[in-house]
Amino acid sequence: MPCTWITSDLQLRLILTLFFVAECLSAGMEGTKTSNNSMQQLDNGNHSSVSTTSSTERKQSTVTLYAEVKTSLSVLVDTKAVLTCPPVLWPSVLVVTWEIVLRDKPPCFGAYRRDTNQTTRGNCTDKRITWASRPDENPALQVDPVAITHDGNYTCQIVTSDGNFHHEYHLQVLVPPEVTLIQTEKGTAVCKAAAGKPAAQISWTPEGYCDTEQGPYWGDGTVTVQSTCRWGSRHVLNVSCSVSHLAGNKSLSIQLSQGAEIPAHLKNLYITAPIFIILIVVGSIWLLKISGCRKCKLKKTEHTPVVQEDEMEPYASYTEKNNPLYDITNRVKTSQVLQSEVDASPEVTLL
């Protein structure tokens, strides 16, 4: 009996030990599976977070890129200018707005709303600034024709479901100058680039002693540049004036009548010669007048002897009138003349 109990007790302990070992093994396997699932879920969460962060960073960098786009655009006056908006996916567009700020004018805007397909204008009265085509197809802006007053800033802003994008243009209107080239009386050449925008640059061929001046800016932003050039004693016959400008370059040539500037002594001669000629003519007329008057007086004296007695010197005429001797002489002469007339009268009667 004692041996039988001992054997059964050992069998029971063996069975219990095997049960506990099997239970421990199954619990260990479940814990390992749970930890693996937890790690996998954690890794998936990290990957999703990283993917979302990278997508957000890309979107933010794209918005910043378009927000900083600025373009300087130069357009010739009396031509057509087309300004485009940033390239975006059109289905995501909500609103398109053009803001226009011109020189010495209040800002104005034009807008298009895609959900209602409506356009609006605010404080924009210039009919030359319009949509390039239908805004629901292309929101570009056009200026036709371009005038000097269209200098300014034009900004296109697009609101989309992904963010805001805008493109700013600084529009500069170019005005070609009117170029002229002349020669002055002083022998210098003058090249003028009038009413250009911006200011032009002038150069000469061949080079000489040149002075270039820039005038004041007019109200429309145009300016005149003038260059005066001389070549001193050099024998220069042909000169060229070259004008450089953003609207285009132009060159003019001229043939000088004299290769050098007129000397100073010749200038003085040209001034004084006419004066001498005038003085000679006036002097000649005066001398002729004096000589003619003298001849007239001599003829009158020959025909009227009595006038000669009247023109005697004052002292002689006074002596004749107041001296008694002259009175006696005159009386004797008078009596002799009368006697001669009496003697001659009978002869005339006899005849």
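Reader: In which helix is Ile275 found?

Author: This is a predicted model, in which local features need pLDDT of at least 70 and side-chain atom pairs count only at pLDDT 80 or more, while totals for chains, interfaces and linings use all residues. Residues are numbered from 1 along each chain as its sequence is written, and side-chain values use heavy atoms, with hydrogens and water left out. Helices are DSSP runs of H or I with at least four residues, and strands are runs of E with at least two, numbered from the N terminus. With residues 264-303 as its span, the helix that holds Ile275 is H2.

Reader: Is Ile275 buried, partly exposed or exposed?

Author: Buried means under 20% relative accessible area, exposed means over 50%, and partly exposed lies in between, with a 1.4 Å probe and protein chains only. Because its relative accessible area is 47%, Ile275 counts as partly exposed.

Reader: In which strand is His167 found, and is His167 buried or exposed?

Author: His167 has a relative accessible area of 12%, and is therefore buried. The strand in which it is found covers residues 164-174 and is S9.

Reader: With the side chain of which residue does the side chain of His167 make a polar contact?

Author: A polar contact is a pair of N or O atoms within 3.5 Å; within protein, one must be able to donate a hydrogen and the other to accept it, and residues adjacent in sequence count only if both atoms are side-chain atoms. For the side chain of His167, the pair lies at 2.8 Å, and the partner is the side chain of Thr71.
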